[in-house]
Amino acid sequence: MSTKNLYNDEAKKKIKNLAEDIDFAMLATALGTKPISAIPMSTKKVDEDGNIWFLSGKNSDHNTDIAKDDAAQLFYSDPGSMEFLSVYGNVKIISDKAILEELYGKTDDNWFDGVDDPNLSALKFVPSDAFYWDTKNNKSVTLFKMGVGAITGNQPDIGEQGELKV
């Protein structure tokens, strides 16, 4: 696997592509506690600055954690396409009505009573460090190349990995 570190606009673009492709992430909060608190979240959007947006309940445990300490980490994983992303940063709880309306979709009715639900908030995740693993091929081809590499002793070029500095 080759290493390709990306910076600024390239890093933001890579974060956007992977986060939107994979969609669901585990949001880890209360990073100083054991065990950390981690919950699945659906990515609503990644803006032009590389910030990752989610919807969340104001009274949720993770919002409570964020109010105490805004440091958090996201873990995206798509084993089917062999794409992975780990993002560390800070989270801001947003209650701006225009942002909530922009992010809210019909499927969010499963968790909230519409965009006017008083418990609705948005989370703006601001990345500071990230690391990615991204294969060049689908899972079958990657696994085949890994198998050939194990038999021949040659290390196959199966993809890229690297740091993302926003």
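Analyst: Here come the labels, one by one. The model is predicted, so local features need pLDDT of at least 70 and side-chain atom pairs count only at pLDDT 80 or more, while totals for chains, interfaces and linings use all residues. Residues are numbered from 1 along each chain as its sequence is written, and side-chain values use heavy atoms, with hydrogens and water left out.

User: What makes Asp 134 and Lys 14 a salt bridge?

Analyst: The term asks for a side-chain nitrogen of Lys or Arg within 4 Å of a carboxyl oxygen of Asp or Glu. The closest N and O atoms of Asp 134 and Lys 14 are 2.7 Å apart, so the pair meets the cut-off. It links distant parts of the chain: Asp 134 is in strand 9 (residues 120-135) and Lys 14 in helix 1 (residues 8-22), 120 residues apart. Helices (H or I, at least four residues) and strands (E, at least two) are DSSP runs, numbered from the N terminus. Both Asp 134 and Lys 14 are buried.

User: How many salt bridges does the whole structure have?

Analyst: The search finds six. Among them is Glu 20 with Lys 16, where the closest N and O atoms are 2.9 Å apart. Those two sit four residues apart in helix 1, about one turn of the helix.

User: Why is Glu 20 called partly exposed?

Analyst: Buried means under 20% relative accessible area, exposed over 50%, and partly exposed in between (1.4 Å probe, protein chains only). Glu 20 has 37%, so it is partly exposed. Lys 16 gets that label with 30%.

User: Which label, buried or exposed, goes to Asp 108?

Analyst: Asp 108 has a relative accessible area of 7%, so it's buried. Its salt-bridge partner is Lys 44, the closest N and O atoms being 2.8 Å apart. Here too the pair links distant parts of the chain: Lys 44 is in the loop between strand 4 and strand 5 (45-46), and Asp 108 in the loop between helix 3 (97-103) and strand 9, 64 residues apart. Lys 44 is partly exposed, at 27%.

User: Why are Phe 131 and Trp 133 called tilted?

Analyst: Rings of Phe, Tyr and Trp (its six-membered ring) pair if their centres lie within 6.5 Å; planes under 30 degrees apart count as stacked, over 60 as edge-to-face and the rest as tilted. For Phe 131 and Trp 133 the centres are 4.8 Å apart and the planes make 55°, which gives a tilted aromatic pair. By this rule the count comes to one aromatic pair. Phe 131 is partly exposed at 25%, and Trp 133 is partly exposed at 31%.

User: How do you know that strand 7 and strand 8 pair?

Analyst: Two strands pair if DSSP finds at least two bridges between them. Strand 7 and strand 8 (residues 83-94) have eight, in the antiparallel sense, with Ser 77 opposite Phe 84. Their hairpin has four residues between the strands, and Met 82 takes a positive phi near 60° there. Strand 3 (residues 24-29) also pairs with strand 7 (residues 71-78), antiparallel over four bridges. In that pairing Ala 28 stands opposite Gln 73.
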